[in-house]
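The following exercises are to be worked through with the sequence and the coordinates at hand. Each task is followed by a stepwise solution.

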Amino acid sequence: MAAPIVTLATSADLPNLDADEAGLPDALRERGIEPRIAVWNDPSVDWGASNLTVVRSVRDYGADREGFLAWAHSVPRLLNQANLMDWNSDKHYLQELGARGLPVIPTTWLEPSRELSKHQIHTRFPAHGDFVVKPAVSSGGRGTGRYTATDPRSRQEAIEHAAHEMRQGRSVMVQRYLSEIDRSGELSIVYLNGLPAYSVEKKAMLHPRFRSVDEVQEETVVSSSAASEEEFRWGEQIRSVLHSYIAEKCGRDELLLYNRVDIVRGGEQDDSEFYVMEVSLMDGSLYLSADPENLRKFADAIAVRAFW
């Protein structure tokens with residue numbers, strides 16, 4: 001019996017995958033799989049030659065979302081599934097999660113179709129505290145900036161930032177920056193084939209004058225371990241809501257190869273125990289290099305689907 005072929009889809013600027021995933025091809029070979037790496041928009045690739053295609057380092061999809069989604073729908077046996085990427089590639093999905101009862105970070109949405117003036121943008125920013133401006137379609141933190149509401153210069157920079165994004169036809173998110181992030185960092189819970197696999201604690205990435213135009217944010221992992229009972233409970237709450245939406249959208253539930261949920265703990269003055277920051281079903285890092293067990297678990301999860 002020939003070894004199943006698994007192609008790992010990446011982007012042109014990461015032709016050999018992200019450094020975090022450098023050990024994945026060897027780990028797949030150890031499991032009797034023939035791994036291949038291919039750039040998603042390379043017209044010479046025969047995607048039908050693979051038994052399975054796993055989407056990983058496609059960090060450039062935001063620059064051509066329509067092209068990326070058209071590619072995803074053309075690939076047989078793609079994981080995660082293309083119809084889920086339609087939804088997950090635009091952070092308006094947070095509205096869906098919030099409507100279903102999940103505590104998401106309060107967000108003001110600035111739509112390019114509204115043709116807002118700079119004064120109108122200004123009135124939609126918070127009156128105090130720090131806040132974050134970022135496009136609804138982006139990967140790796142590109143186009144993200146942290147600003148201070150009471151600093152006139154910072155506020156003006158935020159207006160210019162939002163106006164620039166909307167001139168490019170991009171929807172903009174304005175979110176209150178939660179101070180709890182600076183105290184306790186961010187938490188990512190990773191699910192593999194529908195089961196909780198591990199959690200990762202990260203330092204806060206957005207210092208007070210952070211700006212990211214084209215650069216990918218560099219995350220600093222503090223620790224990686226099995227999810228605690230509290231984290232597992234939060235993750236299950238999020239997973240339950242997510243899968244109820246998937247079942248409604250697709251007419252059936254879809255078993256996700258991977259799912260990363262980013263959350264921040266609620267502070268002492270917050271009503272919520274946690275807030276959902278992001279749900280990543282596409283290109284988000286799975287922190288495989290943070291712990292050798294993470295790489296082993298992901299390779300095992302791919303092998304289960306490749307030999308299915």
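**Exercise 1.** Determine how many residues of strand S7 (residues 144-148) are buried, and which strand pairs with S7.

*Solution.* Step 1: 4 of the 5 residues of S7 are buried, that is, under 20% relative accessible area, where over 50% is exposed and values in between are partly exposed (1.4 Å probe, protein chains only). Strands are DSSP runs of E with at least two residues, and helices are runs of H or I with at least four, numbered from the N terminus.
Step 2: strand S6 (residues 130-135) runs antiparallel to S7 and is joined to S7 by 4 bridges; pairing requires at least two bridges found by DSSP. Opposite Arg146 in S7 stands Val132.

The model is predicted: local features need pLDDT of at least 70, side-chain atom pairs count only at pLDDT 80 or more, and totals for chains, interfaces and linings use all residues. Residues are numbered from 1 along each chain as its sequence is written, and side-chain values use heavy atoms, without hydrogens and water.

**Exercise 2.** Locate Tyr258 and state whether Tyr258 is buried or exposed.

*Solution.* Step 1: Tyr258 belongs to strand S13 (residues 258-265).
Step 2: because its relative accessible area is 0%, Tyr258 is classed as buried.
Step 3: beyond four places in sequence, Tyr258 touches residues including Leu79, Tyr191 and Phe298, contact meaning heavy atoms within 4.5 Å.

**Exercise 3.** Identify the backbone oxygens that the side chain of Tyr258 reaches.

*Solution.* Step 1: the backbone oxygen of Val55 lies 2.6 Å from a polar atom of the Tyr258 side chain.
Step 2: the Tyr258 side chain also reaches the backbone oxygen of Met282, at 2.6 Å.

Conventions:
A polar contact is a pair of N or O atoms within 3.5 Å; within protein, one must be able to donate a hydrogen and the other to accept it, and residues adjacent in sequence count only if both atoms are side-chain atoms.
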